[in-house]
Amino acid sequence: MTATTAVTPPVPAAPVAPRVPVSRAYRFELVKLVSQWRIRLLVLACWIAPGLFVAGVGQQSTLPSDTLFGRWMHATGWAGPLVMLGFAGTWALPLLTSVVAGDVFAAEDRLGTWRHLLVAVRSPARIFVAKSLASLTVILLLVAGLAVSSTLGGLASVGDQPLVGLDGHLLSSGDAAGRVLLAWLAALAPALSLAAIGLLGSVALGRSPMGLLLPPVVALAMSVAQMLPLPVAVRLALPGYAFISWNGLFTSPEQLTPLLIGVAVSLAWTVLATALAYVLFVRRDFTNPADDGSGRRALTLGVLPLAALTALTVGAVAVTTTSTGSGIEQAKVQKSLATVFAHLYRLQTGQLHRPAVTEAQLKATAACTKSDGQAAQEGAGNDWRCVVSWHLPGVTAVTGTAVYQLDITSDGRFVADGDGPKEVNGYFLVRTSTGDAPNPLWQFDGNVDLLDHH
Amino acid sequence: MGLMDTLHAVRAHGITKCFGDVVALDAVDLDVTQGQIHGLVGPNGAGKTTLLGLLLGLAVADGGRLEILGTPVERALAVPGGVAGFVDAPGLYPSLTARQNLAALAALRGLGSGTAAIDEMLGEVGLTDVADDKARGFSLGMRQRLGLAAALLTRPRLLVLDEPANGLDPAGKRHVHRVLTRLAADGTAVVLSSHRMDDLEALCSEVTILATGRVVFSGPLSKLAAENRELDYRLRTSDPETARRLADGTSGVRIVDDTGLGLRQDPDVLVVRALVAALDELVAQVVRSGVAVRELAPVVSPLEAAFLALTEHQEAGR
């Protein structure tokens with residue numbers, strides 16, 4: 001062999017090039033993500049649209065009362081971020097996580113840039129960490145936008161009034177603010193589990209668009225599962241339950257056990273799905289252009305451990321909480337309804353400028369039957385009928401009664417619809433500090449603690 | 001480490017690489033010295049990209065010994081610093097501009113390259129005018145040039161390029177040739193694969209021809225041409241009839257029927273097959289006869305002819 005140059009100075013042997021630090025790889029991934037118009041559009045949408053939506057709804061005469069806290073959007077600005085959270089758990093967060101995490105690995109396959117990236121970073125493990133952290137950053141930015149924007153929209157359009165909790169008790173503005181923040185933080189856990197599923201799909205399905213679809217598909221499956229009459233242990237063992245269990249923050253006392261179980265399950269899914277994605281990614285053969293990481297083995301390795309985790313958590317929840325049925329039992333329904341009624345009766349009394357009463361004075365109780373007593377007295381359904389009784393203070397001989405039809409969904413949430421007498425729970429307007437509002441005892445939301453054993 | 005070792009940018013001996021049952025490289029030797037532009041030629045599936053991938057550290061050989069810039073490569077992604085390039089296609093991000101692609105890569109590799117350095121690289125490959133355009137709209141040739149600029153950012157001592165001439169227009173080709181020649185003059189070793197024989201002839205001092213994973217030739221281009229016995233030449237003269245008569249009578253020269261060569265029919269052109277020595281004799285006779293030689297060129301370049309002969313022979317022997 002001959003060199004083409006006449007004089008070429010000898011050079012010392014070069015040391016092996018160091019791997020690129022994760023911090024630099026993370027910045028590189030972030031630059032790539034943020035440069036995509038769809039990510040920029042999402043960030044803008046998440047920081048602007050919820051505020052406009054909440055402010056707009058706050059000015060409408062019709063409220064989204066089918067969404068939790070929707071009926072209170074005229075009463076306080078703190079209802080806005082909670083309505084947004086309910087909507088986000090079903091639609092927005094699965095879609096956001098799919099667009100960000102569901103594509104972060106597959107994009108390199110589409111662009112054919114894996115080899116370039118590997119040569120530059122020299123470590124598949126660091127690429128994985130950098131991509132995961134960059135996705136997490138963008139997802140957190142999007143979720144923060146949803147929360148902040150909807151809160152600001154609510155506060156700006158309606159104001160900083162106390163919030164009526166799910167059991168009817170009033171939460172001061174400061175208390176409501178703290179709980180709204182906690183609720184969004186709790187919902188981050190299932191959002192992260194969807195993001196991890198997105199990462200796993202993006203790694204395991206390669207160029208296939210199914211990787212992008214995986215988080216919404218899983219989220220939809222989880223939502224459908226929550227609508228089914230599943231045993232409570234199964235319900236809590238699914239990662240999507242934390243999108244619902246934040247409801248427990250708005251009762252007194254708080255229903256923390258389902259919330260903590262939901263968060264723990266979501267985090268377990270996050271860790272396992274991320275670990276599986278990591279294993280699949282570092283085992284991939286990047287020298288073979290035909291190998292995009294997908295394949296039956298990858299799918300098996302991705303799905304089976306998650307199925308095992310579900311089985312394990314179902315068993316663990318069943319054993320530790322001794323809950324195997326639907327969790328919606330007659331006694332719990334009666335207790336929950338009576339509690340909400342008492343709190344809202346007190347609220348109504350104030351709004352009608354009647355002499356103040358306390359819940360203790362009312363001694364409200366409820367007697368509920370399902371299917372007119374013809375069926376088992378437990379489980380979800382819209383065939384619950386309840387009679388609430390209470391004592392009027394100072395009138396010992398008189399006991400008030402009111403009838404409610406309850407529509408209870410499988411996750412324990414119910415809507416109570418007043419069925420007379422109309423002076424108590426009929427539709428009429430009451431004057432409040434924020435304007436005329438429907439009688440609070442006419443229709444209201446509540447929830448049954450599925451793990452309560454009282 | 002001795003002088004001979006340090007002069008070599010690449011020393012590969014007995015390199016073997018398999019993908020399952022497929023032998024991609026079979027006992028391949030490759031030596032590339034500093035300042036040399038080394039061409040890698042071979043039909044599709046010959047193992048060129050696999051070999052380039054090994055040089056970039058994307059994979060590690062199953063057998064043999066590979067030394068890059070004096071450092072043995074024993075595991076994947078563990079090549080020395082100073083190696084840059086691309087295989088298959090340059091890795092570019094369409095949502096970033098040309099300048100942003102380079103800036104992001106410079107930041108990733110901790111090069112600390114300022115705007116001036118990036119502008120200089122863009123200028124070198126002739127992309128200054130589109131520096132702030134998104135790479136999404138770039139043609140293949142522009143992408144190739146941007147990929148080359150990205151590789152240059154690292155100030156490589158070994159540059160590995162897979163088909164860098166793909167999609168280049170004449171101006172782009174000129175830019176790339178100029179850059180590669182300058183790099184080589186500065187001591188950088190360049191290993192490039194190409195299907196364009198004219199590019200390799202213009203750029204490379206040495207070539208390695210691969211066929212079905214094996215080296216069928218490695219050495220200087222002149223040696224390759226000499227090893228190939230006879231070539232077809234186009235001979236255009238002022239008197240084709242006389243030239244034909246002289247060619248007929250010259251020992252070692254045969255007139256070739258050019259209808260089967262896929263060439264444009266031209267009555268002034270004679271196609272002859274000969275060794276260089278016999279061709280020299282023919283030309284001398286033509287000139288002595290008072291006939292002007294207006295054009296003399298091989299129908300197929302020596303490298304291409306050798307390539308075809310060697311690879312077809314290898315394919316036939318399988």
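This is a predicted model: local features need pLDDT of at least 70, side-chain atom pairs count only at pLDDT 80 or more; totals for chains, interfaces and linings use all residues.
Biologist: Let's start with chain B. How many helices and strands does chain B have?

Modeller: Chain B has 11 helices and 14 strands.

Biologist: And what does the C-alpha trace of chain B span along its principal axes?

Modeller: About 70 × 45 × 40 Å.

Biologist: What percentage of the residues in chain B is buried?

Modeller: Chain B has 318 residues, and 48% of them are buried.

Biologist: What about contacts in chain B between residues 24 or more positions apart?

Modeller: They make up 72% of the chain B contacts that have a separation of 6 or more.

Biologist: How is chain B divided into domains?

Modeller: Domain 1 of chain B covers 3–220, and domain 2 covers 228–316. Their centres, taken over C-alpha atoms, are 36 Å apart.

Biologist: How many residues do those two domains of chain B put in contact?

Modeller: Domain 1 of chain B puts in 13 residues, and domain 2 of chain B puts in 9.

Biologist: Which elements supply at least two residues each on the domain 1 side?

Modeller: In chain B, those are helix H7 (197–203), strand E9 (206–211) and strand E10 (214–220). The largest share comes from H7(B), with 4 residues.

Biologist: And by class, what is on that domain 1 side of chain B?

Modeller: The side that touches domain 2 of chain B has 9 nonpolar, 2 polar and 2 charged residues.

Biologist: Over to chain A. Where are the domain bounds in chain A?

Modeller: Domain 1 of chain A is 22–321, and domain 2 is 330–447. Over C-alpha atoms, 35 Å separate the centres of these two domains of chain A.

Biologist: How many residues are in contact between domain 1 and domain 2 of chain A?

Modeller: 20 residues of domain 1 of chain A contact 19 residues of domain 2 of chain A. On the domain 1 side of chain A, 11 are nonpolar, 7 polar and 2 charged.

Biologist: I'm looking at H7 and H8 in chain A. At what angle do they pack, and how far apart are their axes?

Modeller: Helix H7 (residues 173–204) and helix H8 (residues 210–227) of chain A pack at about 150 degrees, with axes 8 Å apart. The angle is over 145 degrees, so H7(A) is roughly antiparallel to H8(A).

Biologist: Is the crossing of H7(A) and H8(A) left-handed or right-handed?

Modeller: The crossing of H7(A) and H8(A) is right-handed.

Biologist: Which residues meet there?

Modeller: From H7(A), Leu194(A), Ile197(A), Gly198(A), Gly201(A) and Ser202(A). From H8(A), Met210(A), Gly211(A), Leu214(A), Pro215(A), Val218(A) and Ala219(A). The residues of that H7(A) and H8(A) contact divide into 7 nonpolar, 4 polar and no charged.

Biologist: Backbone next. What kind of peptide bond joins Ser252(A) and Pro253(A)?

Modeller: A cis one, with omega at about 0 degrees. Pro253(A) is in the loop between helix H10 (242–245) and helix H11 (256–282) of chain A.

Biologist: And what about Gly420(A) and Pro421(A)?

Modeller: A cis peptide bond joins Gly420(A) and Pro421(A), with omega at about 0 degrees. Pro421(A) sits in the loop between strand E6 (413–418) and helix H15 (422–425) of chain A.

Biologist: Back to chain B. What is phi at Ala27(B)?

Modeller: Phi is positive at Ala27(B), about 55 degrees, although the residue is not a glycine. Ala27(B) is in strand E2 (residues 22–33) of chain B.

Biologist: Why does Ala27(B) count as partly exposed?

Modeller: Because 14 other C-beta atoms lie within 10 Å of Ala27(B). Buried needs 20 or more, and exposed needs 12 or fewer.

Biologist: And Glu163(B), what is its phi?

Modeller: Glu163(B) has a positive phi of about 50 degrees, and it is not a glycine. Glu163(B) is in the loop between strand E7 (158–162) and helix H6 (170–185) of chain B.

Biologist: Is Glu163(B) buried or exposed?

Modeller: Glu163(B) counts as buried, because it has 21 C-beta neighbours inside 10 Å.

Methods: Residues are numbered from 1 along each chain as its sequence is written. Chains are lettered from A and ligands numbered from 1 in the order in which they are written. Two residues are in contact if their C-beta atoms, placed from the backbone, lie within 7 Å. Domain bounds come from an automatic or database domain assignment. Ala, Val, Leu, Ile, Met, Phe, Trp, Tyr, Cys and Pro count as nonpolar, Asp, Glu, Lys and Arg as charged, and the others, Gly among them, as polar. Axes are lines fitted to C-alpha atoms, for helices over the stretch in contact, and angles run from 0 to 180 degrees between N-to-C directions. Angles under 35 degrees count as roughly parallel, over 145 as roughly antiparallel, 65 to 115 as roughly perpendicular and the rest as oblique. A crossing is left-handed if the near helix is turned anticlockwise from the far one by less than a right angle, and right-handed if clockwise.
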